[in-house]
Amino acid sequence: MKISSSILLAAFTVLAVVLTAEACNEAICASQVSKCMLIKCCECDMSDKKNCSCCQDCQVCLSKLYTECCDCVGLCAKQDPHDTPRKTSSIEDLSDPIPELFNVLTQQDDHLLRWTSTSYAVHPDSMFFKPGNSLVPNMEFSSSLDAGKSLEKAIEEELLSRQNCTVAFMSQCMSIRKCKQSCKSMGAAKYRWFHDNGCCQCISSTCIDYGLSEPKCLRCPSEQDLLLEHELIDEIKVGGKGEIKTGAETVTDNL
């Protein structure tokens, strides 16, 4: 009886923590987060962002509810319900990225296929060019220049520290608001949202640019599929008050 009372008290304690967490969606997260806390899968102390010892176990436990519930256990930054993504661009820098968290989530294949990750080498030339400018540094150097090192040496050290750029493509199509929320929950530094099909790309802090320019989401229609869809719709005569919408238009309506 004492054991049952202890378990019940622990469950109520965990539930109370979940429900009082700022920005935590109690309707969706209470049950799953309580389970993960009780089995001690989500006890990361993220006050030190380099300490991500339980990140892998916690994201596996939260499963498909990771994006909505990671802030309940302090694993990712709290979601701001009033935070509105830029309406004039498909790319944006995210505040307070967590590189260690992003590395943990992308270094292995996600067994639920919520996202697919890929890495590619950073091209040295991209360090010197920004859109609309010529020979403008596209990166922030450390204090190595102040220590008397040459620009060439500083560039070499910066390249070695950056190594590869890692990006993660969310499998499902989504709105730009959901894309921003998903990438922020993964600890990404930037995101790119493709207007044509709602594909979302989360980008690591090691990337100088904004990731890959081609959408690679598993369950989003390709540009060719969208073109065929539009051609088919053009051939159909729609009668009455009915309206045909493409998959991309449906996603856009949710913005």
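This is a predicted model: local features need pLDDT of at least 70, side-chain atom pairs count only at pLDDT 80 or more; totals for chains, interfaces and linings use all residues.
A search of the whole structure finds 11 disulfides. One of them joins cysteine 24 to cysteine 72, with an S to S distance of 1.9 Å; the link is right-handed, with 95° about the S-S bond. This pair connects distant parts of the chain, 48 residues apart: cysteine 24 lies in the loop between helix 1 (2–20) and helix 2 (26–38), and cysteine 72 in the loop between helix 4 and strand 1 (91–93). Cysteine 24 counts as buried at 11% relative accessibility, as does cysteine 72 at 7%.

A further disulfide links cysteine 42 and cysteine 58 (S to S 2.0 Å). Its torsion about the S-S bond is about 100°, so this disulfide is right-handed. Cysteine 42 is located in the loop between helix 2 and helix 3 (55–62), whereas cysteine 58 belongs to helix 3. Cysteine 165 and cysteine 207 also form a disulfide, their sulfur atoms 1.8 Å apart, and both residues are buried. By contrast, cysteine 41 is in no disulfide; the nearest cysteine sulfur, that of cysteine 61, is 4.5 Å away.

The largest pocket has a volume of about 280 Å³. Its lining comprises 17 residues, of which Lys64, Arg114, Met170, Gln172 and Met174 lie nearest the centre. The lining divides into 7 nonpolar, 5 polar and 5 charged residues. Helix 4 provides the largest share, 3 residues.

The structure holds 0 aromatic pairs. The charged end of lysine 190, however, sits over the ring of tyrosine 210, 4.9 Å from the ring centre.

Notes: Residues are numbered from 1 along each chain as its sequence is written. Side-chain values use heavy atoms; hydrogens and water are left out. Rings of Phe, Tyr and Trp (its six-membered ring) pair if their centres lie within 6.5 Å; planes under 30 degrees apart count as stacked, over 60 as edge-to-face and the rest as tilted. A charge sits over a ring if NZ of Lys or CZ of Arg is within 6 Å of the ring centre and within 35 degrees of the ring normal. On a 1 Å grid over the protein atoms alone, a cavity is a set of points where a 1.4 Å probe fits but cannot get out, and a pocket is an open set with protein on both sides within 12 Å along at least five of seven lines; lining residues have an atom within 4 Å of a point. Grid points are joined across faces, edges and corners, and a volume is the space filled by probe spheres set on the points. Helices (H or I, at least four residues) and strands (E, at least two) are DSSP runs, numbered from the N terminus. Ala, Val, Leu, Ile, Met, Phe, Trp, Tyr, Cys and Pro count as nonpolar, Asp, Glu, Lys and Arg as charged, and the others, Gly among them, as polar. A disulfide is a pair of cysteine sulfur atoms within 2.5 Å. Buried means under 20% relative accessible area, exposed over 50%, partly exposed in between (1.4 Å probe, protein chains only).
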